[in-house]
Amino acid sequence: MDIERLNKILAVFEGERGGLISILQRVQEEFGYLPEAALSLIADFLKLPPSQVFSVATFYDHFYLTRRGDHLVSVCQGTACHVLGARDILETAENCLGIKTGQTSSDYKYSLERVACLGSCALAPVVLVDDEVHSKMTVRKVKKILTEDLDDTETRT
Amino acid sequence: MEKSISIQSLEDYKIGSVESLRLLRETIFADQQTTGKLVSVCCGSGCMSSGSEHVRDAFVRKIKDHELEDEITVKKTGCHGFCERGPIVVAGPEKIFYQHVTKEDVPEIISETLIENRVVERLLYEDPVTGQKCFHENDIPFYQKQRRIVLKNCGIIDPTSIEDYIKVDGFRALAKIISQMTPEGVIEEIKLSGLRGRGGAGFPAGIKWETARNAPGEEKYIICNGDEGDPGAFMDRSVMEGDPYSVLEGMMIAGYAVGASQGIIYVRAEYPLAVHHLSTAIARATDMRLLGHNIMGTGFNFEIKIVKGAGAFVCGEETALIASIEGKSGRPKPKPPFPAIQGLWGKPTIINNVETLANVSRIALNGGKWYSEIGTPTDKGTKIFSLVGKVRNVGLVEVEMGTTLREIIFDIGGGIPKGKRFKAVQTGGPSGGCIPEELLDLPVGYESLAKAGSIIGSGGMLVMDEDTCIVNIARYFLDFAQNESCGQCTPCRLGTKQMFKILQDITRGRGKPGDIEILLELSDAVKQASICGLGMTVPNPVISTIQYFRKEYEEHIHERRCQALVCRSLIFYRIKDYRCKACLKCLQACPVDAIIGAKWQVHEIDQSKCIKCGTCMEVCPKRFNAVECVTGLTEVLRDQSE
Amino acid sequence: MSDVTLNINGITVRADYGATILTAAHDAGIYIPTLCHCPDVSSIGVCRLCLVRIESRRRPEPACRTIAEEGMVVVTDDPEIERLRRVILELILSDHDFNCLLCPKSGQCRLQELVNRIGFKEHRFNRLDRVAKDLPIDTSNPFFDFNPNKCVQCTICVRTCHEIVGNDAIDMAYRSYDIRVSTFADQPLNESACMSCGECMERCPVGALVPKKAEYPNREVKTTCPYCGVGCGLYLGVRGNTIVRARGDDESPVNKGNLCIRGRFGYNFVDSPDRLSLPLMRAYDEFTQPSSVVEVTEEGRPVTLPLVKREGKFVEINWDQAIKYVASSLAHYKGEEIAAVSSARCTNEENYLFQKFTRSVLKTNNIDHCARL
């Protein structure tokens, strides 16, 4: 882990009250996840017990303590998506990527997550690949996106 | 005193007094009167996902190509609420409403509507009932029964432009209040309006403010709760994205009334566009000195910052939200003390929902009396619902309190698609309940829905048809609840877990006699004994579904039957041998090779291999219609005896 | 502050101003069940077993957090409340590994007590799904074990570590059903910030935190901890003639029942086979070698390690010989040439005498002590 980069982030929060969650968010943005070493340094910086920092980092859904894949596939499981078959979509995504929900593929290419609701209920069921929203999903469409499109972006980049 | 402002100097114009705000508004008015035609492209999250950004880019490019920049302005607006029809474009002086616009349609809209003032018929909305084409937003039945007070600017103004907001009377209410009214007067006005919290609990806003005003302490806080966690609800998202300045103004008014000079907006991180628009709004307002020190020269100070949530539904609960802002785990604390007396950093704190605060700026402008005349004698004003599920017109609807569920679902929502039958509507998300068909004429209001075993909640409204399994829905909500329980108090942590397990067993064909009674007993204990609002309400989906659909539970438990054909363990597919033409279609399509048969040999499904994906039924040609899906113990027995 | 008078179950009860309903009731001899309450730390009201009905309140309130008010009317056990308690207890048991016979806490477990007190019909034990939690037991700490499968998430240990010890080695991590007591990054206790004081173990109401040495004493001896100058009061639990447990003396004004790792767990030296019972002297020192000494052989008692820095063997001598030797050696020096160091293992009286001897007989102030505070 790059301590320089971490210190740069921390410097911004100097003297701010209650900044723990914002700091964790920024650090995760920078490193993709929250490395253990970063957590202890954050605890030192905020003069908080490391156990409390760990408690916060594990309480919230958005924080990851292990390395994530390059592409994040999130399948919305909101109510609107649920009644329109979001469970099948999630299962299909699991099969396509060969990983279970919450896991990261061994080559660190993909992570698969379920999200509670993306607020795009009119377009249900919704799948979010990185920052792109795919709307009105069907099992077939998901298969297509996850097998073809991701490979495309791979070759493009 | 200055008499006019040149538009060029607008960028760094500072509003130093009430008078200069008025001057600015007049200048903007005069300027926009003279500019030419307008085309608005919806850039709310819904339309963006459908590609509205490409549409907007296409407009900008084409207009530049044709050198029409001086005559046509492209504006991006917030959400129209009719996301299903996106991308939405409103074009020309006639404000023609186009739906499902793609970038290929752009040249035609420019040449026809914007230049020739003609209508592009094929992009109009067509009423599915009458077949009539609708030219304007207001002609569409979806909008006709709505009364848009909170959403009045959404889809009209550019959410990032402070000038646009000022033009539609923005900050006028604030100016009036901080220059002419006492804080007590403002609270009286809010009390008179009868505004109740739109976040779920429906606590009267005026009383909350008064408590915080009277609480001792120099430092006080206003928190805007934008942690819209209910799955299937997105009204706060649209308001924050489409009309962020209204939220800021509402917070400032609350700040003035309560005596607070600091505001915090707590937004879900899942709403990046809302965060972006709110940050832009705060920056612009601060630039113009509408936020900060000595606002409009009245001596009122207020500043606002944004805190992003980190993914915990329970943080919608006031004390958990405060803990989260303080940098702790979002575990609720027992009340009292109430946040209005001891909140953020131990100081008196007002937490109001986004919609509540947006209402505040409207009330402040038009008066409490005006607001109190909207709605019913007991429930004032309007409420935004996010109408989702098995309904034709999915989207955001803002209706007067007292509108019936039937009007919302059938008149505005356009009823159930595909000719299916309505079964129930779930309101209030994980904290709400299911309302069956016989109660459809119930007017929406805090008490009326509570009496029916549900709540208004934040405004989620999930419509279910005959293909929706009620037990499955209850299981879904309990799954959500047990994941989102903070885990500190016993009944909520373990009670929701056990309830979920029982419901899962029932949907998996392992229900036992007596399960319903245990569910009810656990529901009651979780409701009564939990610390916070989450535990107190999450059993509601179970209680209300048992109340109205007990028969369906019993069918699942005793007959192993799922009428809606949703619970996979309770259904199976079979091929009617007398209809099967042995065409091999299903045999080839089956992903697990569970179909036995050959050319000229009638197909049969090997139940031990079947994963019940339904592919065979999907691919079987309609004229054969040989695959059927059946459920129930008797069916299983019959099948085995054959 | 003046007292308040309230009514609990029809009985008029007087309570201190600011006291909770729970304290008021317990002081008046009225039982209210509770699992997460511990008088030493703040109350958070999470177990929900102490819920009581208060007149004019809509919902039942936790007695451990509700302050008794003048004229309050409280009912601790109406049928509704009893029913809630049974369901909550049923839920806790459905999540608890209750192999009580093998549990070191058996007989002293608060959960067992609650089952007895609240009353539990047999069918309730199996009505709910029993969850087979299978989390690893943390045995890394040399003095106590943490078994998360028996934990009831009362958070008394976390509050103790935070409020009493101030060490914050543990906190509640994760959420919903997965919530659990955890060190930073789920480290084993011996790698974490834990100082092994055992305060948490002492307060754990169930068998989640238990001492490794699970022998019960049959009598207790009151004494003062010999380790440092603080002088904590403690009770040594003795079984036969062996110390098997130590606990802080609640009445002691010094430590009010608390102890550190040394006081609580450091009593093994008393019965250590390594412990010296006679003075030792280096065998090659011909200067004063007494005639009657016996050499310690390699096969005999092991020679204490810290003393064998150089070559040469130690021999046991008697006290008279030792004192004679020291006195004759000291005679070669005087005043500031001498420095004296005494031990915390000695009693305060012995230490007092030693410094007196050093100052007034040896005539030097060069005196120090290994636990100088």
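Me: What do the buried residues of α3(C) pack against?
Reply: In this predicted model, the buried residues of α3(C) pack against α2 (79-94) of chain C. A residue counts as buried if 20 or more other C-beta atoms, placed from the backbone, lie within 10 Å of its own, and helices are DSSP runs (H or I, at least four residues) numbered from the N terminus, as are strands (E, at least two).

Me: Which residues of helix α3 are the buried ones, and how are they arranged?
Reply: In helix α3 (residues 110-118) of chain C the buried residues are R110(C), L111(C), L114(C) and V115(C). They cover an arc of only 145° around the axis, taken from the directions from the helix axis to the C-beta atoms, which puts them on the same side of α3(C).

Me: What follows α3(C)?
Reply: G119(C) follows α3(C), and the phi of G119(C) is positive, near 85°.

Me: How is numbering and confidence handled?
Reply: Residues are numbered from 1 along each chain as its sequence is written, while chains are lettered from A and ligands numbered from 1 in the order in which they are written. Local features need pLDDT of at least 70 and side-chain atom pairs count only at pLDDT 80 or more, whereas totals for chains, interfaces and linings use all residues.

Me: Switching to chain B, what order do the strands of the sheet take?
Reply: In chain B, 4 strands form an open sheet in the order β2-β1-β3-β4, with mixed pairing, where two strands pair if DSSP finds at least two bridges between them. The edge strands, each pairing on one side only, are β2 (72-77) and β4 (96-98) of chain B.

Note on methods. Buried ≥ 20, exposed ≤ 12 C-beta atoms within 10 Å, placed from the backbone. Contact = placed C-beta atoms within 7 Å.
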